[in-house]
Amino acid sequence: MIKIKFYEDINVNEQFVTPARTITEADVVLFAAITGDYNSIHTDEVYSKKFSIYGRRVVHGLFVLSIAEGLFQRLGWFEGVPAISIGYEDVRFIKPVFIGDTIHFVGEVIDKRISKKREKWGIVKIKMEGKNVNDNTTVISFIHAYLVPLKKER
């Protein structure tokens with residue numbers, strides 16, 4: 001069930017788990033094409049077998065970060081709410097993600113406050129960890145800050 005959230009509806013320590021997604025060959029090819037990042041560690045299996053410390057291609061770290069946003073949005077928190085992403089902090093690529101891995105994200109609201117510049121908006125910070133569903137290892141962690149409108153005028 002989708003639960004739309006304005007600033008007042010979000011609580012510090014609130015936790016969630018996103019749906020999961022399997023990373024495909026097409027994902028990696030399309031991300032390389034969109035970004036222009038054709039680094040061989042992502043796009044060349046022969047090169048990666050020979051030179052990568054992992055012995056195979058790895059998924060772009062920024063693609064994994066992007067997947068987090070898409071999976072979070074599927075929860076519907078900001079469906080119809082004009083929340084704005086205002087930044088990421090402490091992004092850590094902890095373990096590689098490979099084609100065929102399935103990942104999801106677990107998150108927790110770690111901070112919220114009224115914006116000093118926009119009194120009808122609040123800032124919400126969410127700590128997220130990407131997990132490889134196959135072995136539950138953490139592959140990425142970061143804090144994502146959102147500007148979220150207040151439901152009521154102050």
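**Close-up 1. F16 and its partner across the strands.** In this predicted model, F16 has G107 as its bridge partner, and G107 sits in strand β4. The two strands involved here are β1, residues 15-17, and β4, residues 102-114. They pair up in the antiparallel sense, with three bridges between them.

**Close-up 2. T22 facing T102.** Here we look at another strand that joins β4. Strand β2 covers residues 21-22, and two bridges join β2 to β4. Once again the word to remember is antiparallel, as that is how β2 and β4 run. For a landmark, find T22: standing opposite T22 is T102, in β4.

Close-up 3. How many bridges hold the pairing of β4 and β5? There are 11 bridges, and β4 and β5 pair in the antiparallel sense. Strand β5 takes in residues 121-132. Together β4 and β5 make a hairpin, with six residues between the two strands. To find your way along the pair, look for I103, which stands opposite N132 in β5.

**Close-up 4. E25 meets R57.** Now for some charged side chains. Side chains of opposite charge can pair when their charged atoms come close. E25 and R57 form a salt bridge, and their closest N and O atoms are 2.8 Å apart. E25 belongs to helix α1 (residues 25-35), while R57 is in the loop between α3 (45-51) and α4 (61-73), so this pair ties together parts that are 32 residues apart in sequence. Is each of the two residues buried or partly exposed? E25 is partly exposed, at 38% relative accessibility, whereas R57 is buried, with a relative accessible area of 13%.

**Close-up 5. R57 meets E45.** R57 turns up again here, this time with E45. The side chains of R57 and E45 meet in a salt bridge, 2.8 Å from N to O. E45 is in helix α3 and R57 is in the loop between α3 and α4, so the pair ties together parts that are 12 residues apart in sequence. E45 itself is partly exposed, with a relative accessible area of 29%.

**Close-up 6. K131 and E129.** One more pair to look at: K131 forms a salt bridge with E129, and the closest N and O atoms are 3.4 Å apart. K131 is buried, with a relative accessible area of 14%, but E129 counts as partly exposed, at 25% relative accessibility. In this model, the count of salt bridges comes to eight.

Methods. Residues numbered from 1 in each chain as written. Predicted model: local features only at pLDDT ≥ 70, side-chain atom pairs only at ≥ 80, totals over all residues. Heavy atoms only, no water. Salt bridge = Lys/Arg side-chain N within 4 Å of Asp/Glu carboxyl O. Helix = DSSP H or I, 4+ residues; strand = E, 2+ residues; numbered from the N terminus. Buried < 20%, exposed > 50% of the residue type's maximum accessible area, 1.4 Å probe, protein only. Pairing = 2+ DSSP bridges.
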